[in-house]
Amino acid sequence: MLLYWIILPIVWVLARLLWRIEVVGMEHYKAVRDGRALVIVCNHIANLDPVFIAVAVTDWRRMTILAKEELFKNPLIGWFLRCMGAVAIDRGKGDTTTLEQVTGDCRKGRAVLIFPEGTRTKNGKLGNLKSGAFVIAGAAGADMLPCRIIYNTRDGRLRLFCRIRIVFGPAIPAGELQITDATHKVAALRHMKKRLRESLEALLAANDFPIHTAELAPAGEQPPAAQRQPAPESGNTAQNEGA
């Protein structure tokens, strides 16, 4: 526990030196970070995502970070993650023990950070949302705070010295994350996932960097006609592709 308070300031300084971090919507975080149960749900692009979020919300209240077990196989990285409050979960084996532990932490008022896609998408596009975050929030009676992390690079990936924008949106109240009728559990989870996806996509649409707005448009959507590139003309293919 003591190591956390030693390491966090060091990490804060290093992160601010190596990247330009901007936080948007901090008022939404502060509105629900008052000791009540809270689940922060964020898209996942880079392994350092949880570090950036911990740095962004540095209010000296430790959070629990749910991370895939593979990240802990490296002894040094595993030690660092544990110091930062990360808990390993075995995604492929129904790790109910870890889920119960994290839910217990959440009930006690500790914020829990979860990446509901379950894996990195690497390019910033939002993948399929899993049910774990909703199960924990429902069991803990927690509000759910949508968060979007955006990297200002053409391919949406983390690069050294790039700008990073971390955006918080309005929380989804705990009462709207309860499943009161078990016979409609699947439909209820589907509705919750849809609402969270819409919230996360809205955060991207309102806060994206101009450099890759078109590249990160949700699947099936096209940029406005004025932003679309014209079809390559004969003899000018290379020029159009490089535009």
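Predicted model: local features only at pLDDT ≥ 70, side-chain atom pairs only at ≥ 80, totals over all residues.
Residues are numbered from 1 along each chain as its sequence is written, and side-chain values use heavy atoms, with hydrogens and water left out.

**View 1. The sheet that contains strand S2.** Seven strands form an open sheet with mixed pairing, in the order S1-S7-S6-S2-S5-S3-S4. Its edge strands, S1 (20–24) and S4 (86–89), each pair on one side only. From one strand to the next, the twist averages 25°. Strands (E, at least two residues) and helices (H or I, at least four residues) are DSSP runs numbered from the N terminus; two strands pair if DSSP finds at least two bridges between them. Strands of a sheet pair through backbone hydrogen bonds, either parallel or antiparallel.

**View 2. The two neighbours of strand S2.** S2 (residues 38–42) runs parallel to S6 (residues 143–151), and five bridges join the two. Within this pairing, valine 41 stands opposite proline 146. Three bridges join S2 to S5 (residues 112–114), also in parallel. Here valine 39 stands opposite valine 112, and the bridge partner of isoleucine 40 is leucine 113.

**View 3. The covered faces of strand S2.** Five of the five residues in S2 are buried, where buried means under 20% relative accessible area, exposed over 50% and partly exposed in between (1.4 Å probe, protein chains only). Leu38, Ile40 and Cys42 lie on one side, and Val39 and Val41 on the other. Helix H6 (residues 132–140) lies across S2, S3 (64–68), S5 and S6, running at about 165° to S2. Axes are lines fitted to C-alpha atoms, for helices over the stretch in contact, and angles run from 0 to 180 degrees between N-to-C directions.

View 4. Arginine 33 is placed in the loop between helix H2 (26–32) and S2. Arginine 33 counts as buried because its relative accessibility is 5%. A polar atom of its side chain lies 3.4 Å from the backbone oxygen of glycine 109. Apart from neighbours within four places in sequence, arginine 33 is in contact (heavy atoms within 4.5 Å) with Leu38, Asp59, Arg61, Arg62, Gly109 and Ala111.

Note on methods: Polar contact = N/O pair within 3.5 Å; in protein donor to acceptor, adjacent residues only side chain to side chain.
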